[in-house]
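Please read them beside the model.

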Amino acid sequence: MSAEVSSIVDLAGDLAGTYRRSESGGAAVDPAVVAADLAAVHSDGYVILEGLLSPAELAEIRGEVQPLLERTGRNNFEGHATQRIYSVLNKTRSCDRIVDHPRVLALLDRLFLPNYLLSMLQVINILPGENAQMLHTDDGFYPVPRPRAALGAATIWAIDDFTADNGATDVVVGSQHWDNRLPIPGTVRTPIVMPAGSCVFFLGTLWHGGGANRSPRPRLALTAQYCEPWLRPQEAFTLSTPHEVVRAVSEDIRRMLGYSIHPPFIGQVDGMHPKRLLE
Ligand SMILES: O=C(O)CCC(=O)C(=O)O
């Protein structure tokens, strides 16, 4: 998929005069390691990358995010016994490594066009008693028929150990190859068991969901999600348009500037409707 698009991109080249495209931190990773990771992603839809965070980094993340965990989810998708923190980069620096870890960037560099985007960064704390989350895909809100190449990819990082009974993410192995069919009752959910400091990297087309937490302890995790760089308007109006201008224009224009939600939650700001920024 990227090969077709990149021919157009190559035609235009990098037209920036002053701010040329910057190199990805993924370039530092041994190509043989990335090739093995990528082979697993293509075959199963995911790969587990073990032991990427040190005990000190894990302790820092726990210390910073735990005081921010407040309310539980507002619907079945968020989970009524699950706590979430959105807009994490605006609240702490401790999770930056989750976003730009070289092992992850090296995979993204091979799956997507340069300048791919961060689409989501979220803390997810599944409390004891939470039910299994509905299976879903992370790029399913882009209404492009399947089977197809993924338009995005995600990581879920274990800040606590992920075990078979504490809400470890479940995946449907190989489901990135499915056409438009949906999971049926009884679809086999495979829990991603991994030690704290590891992450599972998976394609946006892979069916997955949070597992049921049948243990007596919460399961703390972070998810970073990414998408192709062209999944955005030509002008970055949401970056450039001051709030007083957004308030002054018509509702039709305001909606087209990005002050709207594409269901279920595309365009949100800190887990809320972007119009709250104008209040
Ligand atoms: O918390 C998890 O393990 C998965 C959660 C998830 O996939 C989501 O909320 O989109």
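1. Cys227 is buried, with 6% relative accessibility. Buried means under 20% relative accessible area, exposed over 50%, and partly exposed in between, with a 1.4 Å probe and protein chains only. This is a predicted model, in which local features need pLDDT of at least 70 and side-chain atom pairs count only at pLDDT 80 or more, while totals for chains, interfaces and linings use all residues. Residues are numbered from 1 along each chain as its sequence is written, and side-chain values use heavy atoms, with hydrogens and water left out.

2. Cys95 is buried as well, at 0% relative accessibility. Its sulfur lies 14 Å from the closest cysteine sulfur, that of Cys199, which is too far for a bond. Cys227 is likewise in no disulfide, and its nearest cysteine sulfur, in Cys199, is 18 Å away. The structure has 0 disulfides, a disulfide being a pair of cysteine sulfur atoms within 2.5 Å.

3. The residues around the ligand (a heavy atom within 4 Å) include Phe77, Ile124, Gln133, His136 and Thr169. By class, this shell has 4 nonpolar, 5 polar and 2 charged residues. Here Ala, Val, Leu, Ile, Met, Phe, Trp, Tyr, Cys and Pro count as nonpolar, Asp, Glu, Lys and Arg as charged, and the others, Gly among them, as polar.

4. Which distance separates a ligand oxygen from an N or O atom in the Arg219 side chain? That distance is 2.7 Å. For the side chain of Arg84, the corresponding distance to a ligand oxygen is 3.0 Å, and for that of His208 it is 3.0 Å.

Conventions: A polar contact is a pair of N or O atoms within 3.5 Å; within protein, one must be able to donate a hydrogen and the other to accept it, and residues adjacent in sequence count only if both atoms are side-chain atoms.
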